[in-house]
Every structure is written in C-alpha cells, then in structure tokens.
Amino acid sequence: MRENDPVTSATRQPETPTAAVPPRLIATDLDGTLLRDDKSVSPRTVAALAAAEDAGIEVFFVTGRPARWMDVVSDHVHGHGLAICGNGAAVVDLHGGPGAHRFVKVRELARENALDAVRLLRQAAPGTVYAVEQTYGFHQEPAYPKLHMERPDNLLSAERLLAADGPGGDEPVLKILAYHPSLDPDAFLTLARLAVGERATVTRSSPSALLELSGPGVSKASTLALCCAERGISPAEVVAFGDMPNDVEMLTWAGRSYAMGNAHPTVVAAASGRTEANNEDGVAAVIERLLAERV
C-alpha cells in the first residue's frame, strides 16, 4: 500500500541464482512489483501467472494492501484463491470477489501494544499522525492526510480509535499507519523502530514518510512461512518478488528472490537476484525463465 513512485532507476535483465530447487510457490508483492504504475496487470503478466499455476506452482499475492483493495487482482486468482494482506496481518480467501472475501487467518495488533507504540512515536517524532486499519474498517485522525483511496469511517484521535470502547472495538486491529509531514522516510523508519522496540513490527512501503505498524513478529515473511508450512513447502521451494522495505524479510526468507528494477536499495541488498522494473513486466520475465527451465 503506497503511492507508487519509482524509488531507483536501476533496470537490469533478470538474473537466476545458481543451484536452484524447482519452485513450488511464487510469492509476489503487488504495488511496484506485479502491478504497473497505473495499477494494471499486463497481459504478459496475466499469461505468466496462469502458466505457473498450470505447471503446478502456486501463486500467492503478498501485499501491504487491505483485503478490500484486492479487486485489482481478483480476476487473476487461481486454485487456492488465497492472498496475504496487510503485511502479513491477514490471510484472505478472494474467491468471493470484491466485498465478499473471507478472512482465513488474522494476526492482529493488540490494542495495548498499538497505544504504547502511538505514545512512544509521538514522543520520538512530534507531528506524527495516525490511521487505524482493521479487518473491515478504516479510521484516522483529523490531521492525517488523504493518502488512501477511501473515506475513513471515523475521524478521531488514535488514542480514542484504539480504546476498547472506541469505534470498531469488537474488530481486530491489523495495523497502524503513522505519517510524518517532514521527516525523511528512511530516517523515520529507523527512528520508529528504535522508539517502538518489540511492541510492534515497523516497516514501510511508501516513498513518503508513511510507516506501517503490525503485531510483534508479524510480517509478510512470517505469515508466508506459516502458509508454506501448512502445504509442506520449504523456503528453498519459494520464489519471491518485491520492491520496498516491507518485502525485505520475505525476500531474505525465500530460497530465490528478486528485487525489481525500481526497488529500494535495501531490497536490492536482501534479494538473491534482480529483474526488470514493474513497468517492464519483471515478474513475468522471471516466471517465463523458471518455466523454461522445467521443460
């Protein structure tokens, strides 16, 4: 979930790491990775995803997006129909289509942890404003800017939104969004991780100073690992794609991983391979090469 501006301009041909185990699962981020900048899925990518599924390779969409924003790929769900949303906070069955998805697994952020994180980050970075993402609801503080594609359900302070008797009090909190109007994005991320400590997992997927706080230990990687363990799939049998810091753990965990040509420097350092940019169908290029190796 991000405003999807290029982060780097590097563009390279796909690289395939050596000594590769035949893949059984492809895990791909969406914005800045599978999707082009106009949020479309190119015909080439649609064909590559379908070919992978036909070859018996499961495809998991692994994204920071909430479940209700998954209509962009709902026409491209095959087989199991599952997606990992909210940076690992939820596993969602997309078979029902937009508005009819089913939560298969929820890894919530405890309200007491969220309140602690809000307090500590306010102290460390005055001027930070917040939004609260729940399974179905989205709420924000009045000063939080219009960064997302929907109207908030409520405009209240984060402390009020996270209170047990606050709006959506009976609904799990998936993540907190923290925005700062002037800090450097990477500096804000470093500061927040130091301030919040183990109370939450802090990452980012936007080129602006917008952070995403999930439950302790909750990440794309840890939820993907749970899904793979349920299927008897090892990390060595997973191929992953990403472009931003919230993808780093997943790219490190997977046996083979690819940083997009437009990827953040930390992603380039974490991945075992490089591919072309999202606007140049970098995911499809690698999938085509992987399938050609199987012939």
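## The six-stranded sheet

An open sheet of six strands runs in the order β8-β7-β6-β9-β11-β10, with mixed pairing. Its edge strands are β8 (154-155) and β10 (201-203), each pairing on one side only. Two strands pair if DSSP finds at least two bridges between them. Strands of a sheet pair through backbone hydrogen bonds, either parallel or antiparallel. Strand β7 (residues 138-140) pairs with β8 in the parallel sense, over two bridges. Gln-140 has Leu-155 in β8 as its bridge partner.

## Model and overall make-up

This is a predicted model: local features need pLDDT of at least 70, side-chain atom pairs count only at pLDDT 80 or more, and totals for chains, interfaces and linings use all residues. Residues are numbered from 1 along each chain as its sequence is written, and side-chain values use heavy atoms, with hydrogens and water left out.

The chain has nine helices and 14 strands. These are DSSP runs, numbered from the N terminus: helices are H or I with at least four residues, strands E with at least two. Of the 295 residues, 56% count as buried. Buried means under 20% relative accessible area, exposed over 50%, and partly exposed in between (1.4 Å probe, protein chains only). The accessible surface comes to about 11300 Å², and 54% of it belongs to carbon and sulfur atoms. Areas come from the Shrake-Rupley method with a 1.4 Å probe; for residues, only the protein chains shown count as cover. Among contacts (heavy atoms within 4.5 Å) between residues at least 6 apart in sequence, 62% join residues at least 24 apart.

## Helices across the sheet

Helix α3 (residues 111-124) lies across β6 (129-134), β9 (173-179) and β11 (210-214), at about 165 degrees to β6. Helix α5 (residues 185-196) lies across β9, β10 and β11, at about 175 degrees to β10. Axes are lines fitted to C-alpha atoms, for helices over the stretch in contact; angles run from 0 to 180 degrees between N-to-C directions.

The 14 residues of α3 should span 20 Å at 1.5 Å a residue, and its end C-alpha atoms are 20 Å apart, which agrees. The expected span is 1.5 Å times one less than the number of residues. The buried residues of α3 are Arg-111, Asn-113, Ala-114, Ala-117, Val-118, Leu-120 and Leu-121. Their cover includes β6, α4 (158-161), β9, α5 and β11.

## Aromatic pairs

The whole structure holds two aromatic pairs. Rings of Phe, Tyr and Trp (its six-membered ring) pair if their centres lie within 6.5 Å; planes under 30 degrees apart count as stacked, over 60 as edge-to-face and the rest as tilted. Phe-103 and Tyr-136 are edge-to-face, 5.2 Å centre to centre with 80 degrees between the planes. Phe-103 sits in strand β5 (residues 102-106) and Tyr-136 in the loop between β6 and β7, 33 residues apart. Phe-103 is buried at 18% relative accessible area, while Tyr-136 counts as exposed at 51%.

Phe-241 and Tyr-258 are stacked, 5.4 Å centre to centre with 20 degrees between the planes. Phe-241 lies in strand β12 (residues 238-242) and Tyr-258 in strand β13 (residues 256-259), so the pair ties together parts 17 residues apart in sequence. Both Phe-241 and Tyr-258 are buried.
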